[in-house]
Amino acid sequence: MSDNKALAIIVSVIGFLIALALNLFVPDKQDVIQKAYRFILIALSVLYLALGIRALISRDYAKKYIFKSKFIFAMGIVLAVWDLFSSKLDILEMPFFPSPGKVCMVFIDEYEFLLQNVYYSLRLFTVGFLSGIILGIGTGILIGWFARVKYWVFPVLKITGIIPAVAWMPFALTIFPTSFVAGAFLIAICAWFPVAFMTAQGMATTQQVYFDVAKTLGGSTWYQLFRVALPNAFPNIFTGISTASGLAFTTLIVSEMMGAQGGLGYYINWSKAWSAYYKIYAAIVIMAILFSLILKVVSLIQGRVLRWQKGLLYE
Amino acid sequence: MSKELISIDHVYRTYIDANANKVEALSNVSLDINDGEFISLIGPSGCGKTTLLRLLAGLDKPLSGKLSIGGEEITGPDPSRGYVFQQSSLFPWMNVEKNIAAGLVARGVYKDEKSRVQDYVDLVGLEGFEKSYPHQISGGMAQRVAIARSLINNPKALLLDEPMGALDSFTRADLQDKLLELWKKKGTTMILVTHDVDEAIYLSDRVVIMTPRPGEISEILPIELGRPRDRGSEDFLELRGHILEKLHLASTRIEPEYTI
């Protein structure tokens, strides 16, 4: 078993070390400053070495680490091949396919500007997404609980909800005072629909026996709504939130590309205007990391709220 | 004789079945139940025993007739009449402790009476399972939680709708004894719906035998056996034979295998 672990550590790290050796010892054909790329390769090697040490200590984690080691190795090899065909052999066409070294240098050269835009995106996303979720749960509760609201509002929700939020952009930009508010509005309405729909559905599928129990225990209508129907809808609400997050990422970037004064979408547009495609790659890498982190946060909250389901569902 | 707690007076109730036929679930049913009594309603499915229990809970209303408790007419559900459902009815998003405390929260007295939750966990013998969720405990344990959840409201009457119907026979016998123990300790009036003749005789002061279509009471049988009862005794078997005959379940009377 410990042999397996040692092997897994070597496999994980060696891909990045191959990429590093190739970058160091094969002469460049393109004019690239390689220091950022080299630093990142070293950082990744150290990271996976550290995780490997954790695997030596924790049995649970070791399983996961050994399982993933082949994939981590492949990541290093892909970087090495990419580097070989770009900066080393100059086969990939510039400016559309820059070398990893050129992309990584953006993180150093435009450090401050990128950070500003990441902050803008994060703030816009948080404001829009949270208000969309709150609005969605609120609407969902009203539809799920009051037959009359369902009659009048539900069809409207079904029709307006399937319209991609960005279609409202021209109006949003005219109506709202700043492009930030307009963007937040668009993200909010795209999150609103799936969350409202799933909340209403989750409440409507509450078993009658739970209401009967609540009644015989002395529970008021209020209790039946907030302690029975709403908790019953929580799994659905999180399905709605997961669906909404994908839509919200799209809306975030599109709305930033179409009129915002900052954000990663704005950065992409701005880079395109200068034909600096290597910067677009850098922004895409940041997006991948940022959105993964947001999804991770959502799933952590979900795991906490739905901890009663642990072991109940097939995972 | 102790004083009367519940009065069921000429109650009539129909329902519409899956084929859109009107079924007379209860026809002209009258019954008085004494305070602190353990009473069982027994009969084949469709005899209206669950309907009667739901009327007592206030979850449904009679089409005619009157039900009252302590002289007051039953108009709706109330925590003074606890109800234990046949299927698992624990809130899956609450752990054992929270489920038992649900009645306190529902009545808005949780803050003041929080300390009683542990007493009721202990009362049904679930120490150590306070933080478990319903899907992590067995069916028998789940019904104990359901019973504790109702009892924490100090009901005058506990309505039990085949709470042991889905349990294996060992768990069932165990829960029957637990129920008797709680009944003695708390003095709560128990009204049990069952289709198990042995269970009805083993537990009750009186067994109410019901017949279907239309649902009505065919006999009220007092069980004058001392407790604890021996399921194999001659008297027990005789009562069993009588009830089975009444229910037309036994073509021949079951004789004890030996007599002393």
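User: What makes B:Ile191 in S8(B) the bridge partner of B:Leu159?

Analyst: In this predicted model, B:Ile191 in S8(B) is the residue bridged to B:Leu159. Strands here are DSSP runs of E with at least two residues, helices are runs of H or I with at least four, and both are numbered from the N terminus. Two strands pair if DSSP finds at least two bridges between them. S7(B) and strand S8 (residues 189-194) of chain B have five bridges and run parallel, so they pass that test.

A quick note on the ground rules: this is a predicted model, where local features need pLDDT of at least 70, side-chain atom pairs count only at pLDDT 80 or more, and totals for chains, interfaces and linings use all residues. Residues are numbered from 1 along each chain as its sequence is written, while chains are lettered from A and ligands numbered from 1 in the order in which they are written.

User: Which strands make up the open sheet, and in what order?

Analyst: The order is S6-S7-S8-S3-S9-S10 in chain B, six strands with mixed pairing. On average, neighbouring strands are turned by 20° against each other, direction ignored. Those angles are between axes, which are lines fitted to C-alpha atoms (for helices over the stretch in contact); in general angles run from 0 to 180 degrees between N-to-C directions.

User: Why is S7(B) called mostly covered?

Analyst: Five of its five residues are buried. A residue is buried if 20 or more other C-beta atoms lie within 10 Å of its own, exposed if 12 or fewer, and partly exposed in between, with C-beta atoms placed from the backbone. B:Ala157, B:Leu159 and B:Asp161 point one way and B:Leu158 and B:Leu160 the other way. In a regular strand the side chains alternate between the two faces of the sheet. S6(B) is covered on both faces too, with B:Arg81 and B:Tyr83 buried on one side and B:Gly82 and B:Val84 on the other.

User: What covers the buried residues of H5(B)?

Analyst: The cover includes S6, helix H2 (96-106), helix H4 (116-123), S7 and helix H6 (169-186) of chain B. Eleven of the 13 residues of H5(B) are buried, among them B:Met141 and B:Leu151. Helix H5 (residues 139-151) lies across S6 and strand S7 (157-161) of chain B, at about 170° to S6(B).

User: How do you know that the length of H5(B) is close to what is expected?

Analyst: The expected span is 1.5 Å times one less than the number of residues. H5(B) has 13 residues and reaches 18 Å from first C-alpha to last, close to the expected 18 Å.

User: Why is A:Gln207 called partly exposed?

Analyst: A:Gln207 has 13 C-beta neighbours inside 10 Å, so it falls in the partly exposed class. A:Gln207 sits in the loop between helix H8 (179-204) and H9 of chain A.

User: What makes residues of chain A and chain B count as in contact?

Analyst: Two residues are in contact if their C-beta atoms, placed from the backbone, lie within 7 Å. By that test, 17 residues of chain A touch 23 residues of chain B. H9(A) gives the most to chain A's side, with seven residues.
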